[in-house]
Every structure is written in structure tokens, then in C-alpha cells.
Amino acid sequence: MPQRMQLGDAKAAEIKAVSIGKTFGAFRALKDLSLDIGRGEFLTLLGPSGSGKTTFLMILAGFTAPSEGRLMMDGKDITDVPAEDRSYGMVFQGYALFPHLTVEQNIAFPLKVRGRSSADIKRRVGEMVERVGLTGHEKKLPTKLSGGQQQRVALARALAFEPSVLLLDEPFSALDKNLREMMQEEVKRLHQETGTTFVFVTHDQSEALALSSRVAIFNHGELLQVGRPQDVYERPENRFVAEFLGEINLLPLDALRLDGDKAAGQFEDRTIVLSQTRPQIGPKAVAAVRPEHMTIAAIPQNAGHNAIACWIEDATYLGAVTKYHLKTRSGTSIAVSMPTAATAPFAHRSDVWVSWPTEQGFLLPHQNETRA
Amino acid sequence: MGKSATSRTILLLAPLLLFLGLAYVVPFLGVVRWSVTMPEPGLGQYRAVLTDPLVQSVFIRTLRICLIVTAAVLVMAYAIAYVWVRGTSTQRMLAEFCILVPFWISVLTRAFGWLALLSNRGLINTWLQAAGIISEPLALARNEFGVIVGMTHFLIPFAVFPIASAMRAIDERVLLAARGMGASRSRIFWSVFVPLTYGGLIGAALIVFVFALGFFVTPAILGGGRSVMVAELVYLRIFQSPDWGLGAAISVVLVLFIGILLALMRRFIKPAHLVG
């Protein structure tokens with residue numbers, strides 16, 4: 001038997017994807033993707049279905065071979081190393097537990113594959129069962145467990161052999177909201193405790209923002225932007241990223257003038273001033289502002305703020321925040337979320353001013369280049 | 001199931017039940033009567049079934065042949081089902097062909113086909129002798145070996161369906177998960193894939209075994225009278241030696257035995273596992 005290339009001895013690995021491409025027949029699932037995944041980081045691959053995020057995860061796992069490009073781990077080329085020799089932990093959508101094995105046998109499986117001694121396996125399984133809070137369920141078959149419990153078994157099994165990378169493919173998609181939030185906390189804790197590199201696939205933007213040290217946003221097989229959650233949320237580089245990560249107001253600007261790190265343009269009869277980080281932007285642009293950065297008042301705020309005249313179409317009470325739907329004079333829709341406690345309710349259909357600090361708005365290209 | 005649904009099911013099954021009742025149950029009750037009345041009233045024939053060395057040896061041979069056939073069928077059907085479920089599209093077509101074609105040919109034709117291959121002056125012996133590999137023909141037919149070959153061939157498709165259905169039910173991600181954990185192909189096959197098909201295997205084993213117990217045509221032709229199985233013994237007792245009572249008693253014992261096996265089958269496996 002040939003000597004297997006054993007990887008994954010390091011506690012956490014760093015991965016470098018270089019110009020990865022994947023085509024299925026005529027369909028280009030991934031286009032020229034280059035991405036560095038840092039040692040011990042929690043990277044989320046975020047995008048709508050069919051965006052290429054799962055294809056990329058499968059290439060990382062070794063289940064799918066890329067059509068182009070190389071994959072490096074800790075400086076070694078692993079493009080052609082098969083999945084069984086990569087030794088990554090993986091949590092599948094639907095968990096993929098072994099239905100014929102009990103909880104402890106499931107967790108012991110990867111350890112047995114590695115030829116660990118039975119004493120070692122017993123100790124490690126006990127540790128993992130305790131770590132994911134399944135004490136008392138060791139002898140049960142997966143079908144006797146709830147969704148959340150099955151999820152914990154999948155996590156324990158994937159982490160039992162201390163993989164250098166843990167890949168998670170939409171692990172929470174089958175759980176209800178409360179359980180989902182609990183499991184998110186759990187995964188965050190496991191990441192901190194193990195220090196392993198986590199790569200997490202989801203289509204849920206709030207999950208991505210809540211969990212990750214960095215988020216990579218995919219659409220149509222392309223990596224559009226990668227950055228810390230606050231970077232991608234507050235400084236998206238294009239309209240797809242801006243709109244996918246949450247609601248955003250887009251105001252078309254005329255007569256755009258760039259002046260160092262500031263930009264100014266006309267919206268209706270007001271001059272809108274924005275901080276600006278994209279000097280290469282075209283002549284037509286939109287001002288982008290998140291709903292929670294805007295406030296509503298009877299008079300415009302002046303110093304350091306932009307303000308536009310609107311009238312209130314509708315208000316939705318959501319508990320902690322109240323969400324207002326407004327229209328500008330030219331009919332552009334505006335959404336504003338404000339803390340319910342901080343504001344007196346505004347009368348329906350009243351004329352108001354919507355204001356926001358100039359540093360909270362940013363410029364985006366007018367055309368949505370990613371959806372063209 | 002609600003009451004109306006139950007009565008509707010019974011109504012739909014009525015023609016079949018009526019037919020089975022008139023064509024099988026009623027005549028079989030006659031057979032039961034013979035077993036306790038011929039030649040004189042009493043349980044004498046059952047005592048003979050349990051003590052007669054000839055009857056005993058036929059029962060033991062039948063069980064032996066059925067066990068060997070079941071084992072051989074399971075191994076081959078497993079391989080065919082594997083190719084059928086997990087092979088490339090060409091392999092799947094080929095497997096389907098191998099499963100369906102024997103179905104279209106009568107059991108009698110197939111038995112004679114095997115005879116043409118296996119007998120002393122059959123194709124295999126002629127070729128081997130012509131090639132100088134053997135000088136005397138091998139005893140391939142008119143013995144237990146021939147019976148086992150013929151029965152195995154006949155029964156393989158019946159085992160392929162339940163096994164393939166169990167294989168189809170396996171979640172691909174479970175196998176991927178095992179691979180991702182570093183398991184080799186053989187480990188994935190033996191410790192994940194095969195255990196997940198146990199239900200289908202048990203179902204297939206019971207179907208094949210029960211079916212094999214009552215085989216008549218294949219052993220009669222390929223056994224050449226030297227490898228008599230229970231069904232043939234019943235035939236001989238009734239049609240050749242006028243010993244209707246013993247023949248009837250053997251039949252009753254065989255039906256009871258099969259009944260017990262079917263009851264076990266119902267207990268251990270869902271009917272859905274038995275069909276493709």
C-alpha cells in the first residue's frame with residue numbers, strides 16, 4: 001500500500017485558493033476565484049443558491065476537483081489530494097450521520113479510521129459528547145434524536161479527530177429560529193475553543209455577519225467581496241453586496257463632484273455629501289445608506305448631516321425598532337429603522353425630514369455590474 | 001387506516017382473495033384431510049415424515065440446497081444491484097438487461113438451457129475436452145451442483161429488487177461524510193454501505209429461501225432424479241408410488257415451515273423493502 005500523504009497534523013491550517021474555476025458542462029459554476037483563508041479564522045461563504053459557494057466548499061473538501069486553478073494548504077499544493085487524505089472535518093446539510101450507528105459510534109468513526117487505540121477513542125468520544133452537551137444520549141441512534149441533537153452529533157463527529165479545517169455546509173438550514181441561534185452560539189464557542197480554521201457556507205446574511213471573522217460574498221460563480229462583517233456591511237463594493245447583506249436605500253445622484261475623500265451630488269433639490277472611497281467611480285452613481293443610519297425629524301438636521309424631505313407612507317412596529325416606509329418628492333422609496341423607545345410615533349402621511357450623518361453614506365456605481 | 005379505507009381495501013382485494021380461497025385454500029384443506037386419513041385415520045403419516053430416513057434425507061438435502069442457493073444468490077444479486085444502482089449509465093443498462101431477460105424466459109426453457117451447458121456432452125464439457133483440459137467429462141448436471149446452478153440463476157432477480165431498493169435509499173452525503181473522515185473505499189463499503197442495506201439483504205434472503213424451498217421444475221430437470229428435493233418427493237409420492245397420505249403430510253409440513261418463515265419476514269421487514 002502506498003504511503004498516504006498525511007495532512008492535517010497542524011492544529012489549524014491556512015488555505016490559499018489560486019484562480020480556481022469550475023465548469024459543469026457548459027455551466028460555469030466558479031470563475032477565477034482567488035482567496036486566502038487564514039489560520040484559525042472563521043470564514044463564511046455567503047451567497048444565494050447557485051452562487052458557487054457550495055461548489056467552492058466541495059472543492060475545498062476534495063469531493064469536487066476544480067477545472068482550473070490550484071489549492072494550497074500550508075504552502076503545499078493539495079489540488080490533487082483526495083478528500084480522504086485531506087483530513088478535514090465536515091458538517092453536511094442534513095448532518096449525514098450514520099443511521100446504523102449510535103451517537104458514540106458515530107463520533108468514534110473517524111477515530112477508528114485513524115487507527116486510534118480503543119482507550120484513546122473512548123476518552124476522546126467521552127470528551128466530545130460532553131463538549132456538545134449530549135451526555136446521556138451516547139447509546140441512542142440518530143433517528144431517536146431531535147434536529148438540534150443530531151446537529152451536535154455531526155459537530156462532535158467532525159471535530160473528534162482534531163481536524164486542521166472544519167467545513168460546514170448550511171448546517172442550520174433545517175433548524176427553527178431559536179434553535180438556530182443557540183447552535184450559532186455553540187459553533188462560535190467551538191471555534192474559539194478548538195482554534196481550528198472554520199469555513200462555513202450559508203445563504204443567511206445575518207448568520208454570516210453574526211458568526212464570522214470574515215465573510216466572502218458570492219454571486220453567479222464569482223467572489224464579489226471578502227472582508228470583516230462590518231466592512232462588507234458598511235462598505236460594500238457593489239450593489240449586489242450592499243443589497244444582499246440587508247436593506248439599503250439607494251438615491252440616484254446628479255452632478256457628481258469628487259473632492260478628495262468626499263463626494264457631493266444633487267438629489268432632488270438637495271446636495272448630498274458622502275465620504276467616498278472609490279475614486280474610480282463613474283459619472284453616474286447612487287448614494288447608499290442603511291435604514292438604521294437614518295433618523296426622522298420634523299426639521300432637517302444640519303451640521304455634518306444630509307437631509308431629504310419625505311412623507312411617511314407606512315410604519316411597522318417591530319418591538320425594539322419601528323420601521324418606516326417613506327417616499328421622497330420624486331417618488332423614491334426610503335426605509336428607515338429607528339429604536340422605538342427613542343422616538344415619538346410620527347403621524348401617518350405627515351411631511352418629515354430624513355437625515356443621516358455624512359460619514360454613514362457611501363457611493364455605489366449606478367449600474368449593478370454584477371447582475372448585468 | 002380508517003374503517004371505510006379498510007373496507008375499500010378488502011373490496012379491492014376481494015377477487016384475488018376469492019381466487020386464492022377457491023384455487024388454493026380449499027384444495028389444500030383436502031390435502032390436509034388426506035394426510036390424516038390415508039391410508040387409515042391418524043397421525044401415522046406425520047410420524048413417518050419425522051422418522052422415515054428417505055424423507056429425512058430429502059428434507060435435509062432441500063435445506064442444504066436452499067441455504068447454498070440463498071448465499072450464492074445474495075452475493076451475486078448484491079453485485080448486480082450495486083452496478084444497477086451506482087454504475088455508469090451503460091453499466092446500469094447492462095445490469096437491467098441481465099435482470100429482465102431471464103424474467104421473459106420460462107423456467108422450463110432455462111432449465112433445459114443449463115442442461116445444454118452443463119451435461120456430460122454439453123457445451124462446457126465438450127469445450128474443455130476439446131481444449132485438452134480434461135479427459136473425462138465433469139459431473140456438472142444431473143446432480144446437486146446442477147440444481148444449485150439452475151436455481152441460483154432463476155432466483156437472482158428476486159433478490160436484486162429488495163437489495164437495490166435498500167441501496168437507493170442510502171443518502172449519498174453519508175458516504176461522502178465517511179470519505180471526508182478519511183475512510184478508505186473498502187472501509188466505507190463494509191462499515192457503512194453494507195450495514196445500511198441489511199434490511200434489503202434480510203428481505204432478499206427470506207424471499208429467495210422461501211421460493212427455493214418449493215422448487216420443482218429446476219431440480220427435476222437438472223437433478224436428473226438423483227438430487228430430489230421436497231416438492232419433487234411430494235410429486236413422486238402422489239403420482240408414482242400411490243402413497244397419497246405421505247405426500248400430503250410432507251406438503252403440510254412444507255407449508256407450515258414456509259408459513260413460519262413468512263411470519264418472521266413480516267415481523268422483521270417492511271413490505272416496501274421487498275419491491276423495487
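Here's a quick walk through the sheets and domains of this predicted model.

Housekeeping before we start. Residues count from 1 along each chain as its sequence is written, chains are lettered from A and ligands numbered from 1 in the order written. As it's a predicted model, local features need pLDDT of at least 70, side-chain atom pairs count only at pLDDT 80 or more, totals for chains, interfaces and linings use all residues, and side-chain values use heavy atoms, with hydrogens and water left out.

Okay, chain A. It's divided into domain 1 (15-234) and domain 2 (247-365), with bounds from an automatic or database domain assignment. The C-alpha centres of those two domains of chain A sit 39 Å apart. UniProt, in an unreviewed entry, lists "domain: ABC transporter" for residues 15-245 of chain A; its positions are in the numbering used here, feature names are shortened, and annotations may be inferred rather than shown by experiment. That stretch of chain A is 38% helix and 26% strand. Helices (H or I, at least four residues) and strands (E, at least two) are DSSP runs, numbered from the N terminus.

So, what order do the six strands take in the open sheet with mixed pairing? In chain A, they go 6-7-8-3-9-10, and two strands pair if DSSP finds at least two bridges between them. Strand 6 (89-91) and strand 10 (222-227) of chain A are the edges, each pairing on one side only. Neighbours in this sheet are turned by 15° on average, direction ignored. Inside it, strands 7 (165-169) and 8 (197-202) of chain A run parallel over five bridges, and A:D169 has A:V201 as its bridge partner.

Contact here means heavy atoms within 4.5 Å; axes are lines fitted to C-alpha atoms, for helices over the stretch in contact, and angles run from 0 to 180 degrees between N-to-C directions.

Next sheet: five strands, open, antiparallel, order 13-12-11-14-20 in chain A. Strand 13 (270-275) and strand 20 (362-365) of chain A are its edges, and neighbours are turned by 45° on average, direction ignored. Four bridges join strand 14 (285-289) to strand 20 of chain A, with A:A288 partnered by A:F362.

Last, chain B: UniProt's unreviewed entry puts "domain: ABC transmembrane type-1" at residues 59-265. That stretch of chain B is 78% helix and 0% strand.
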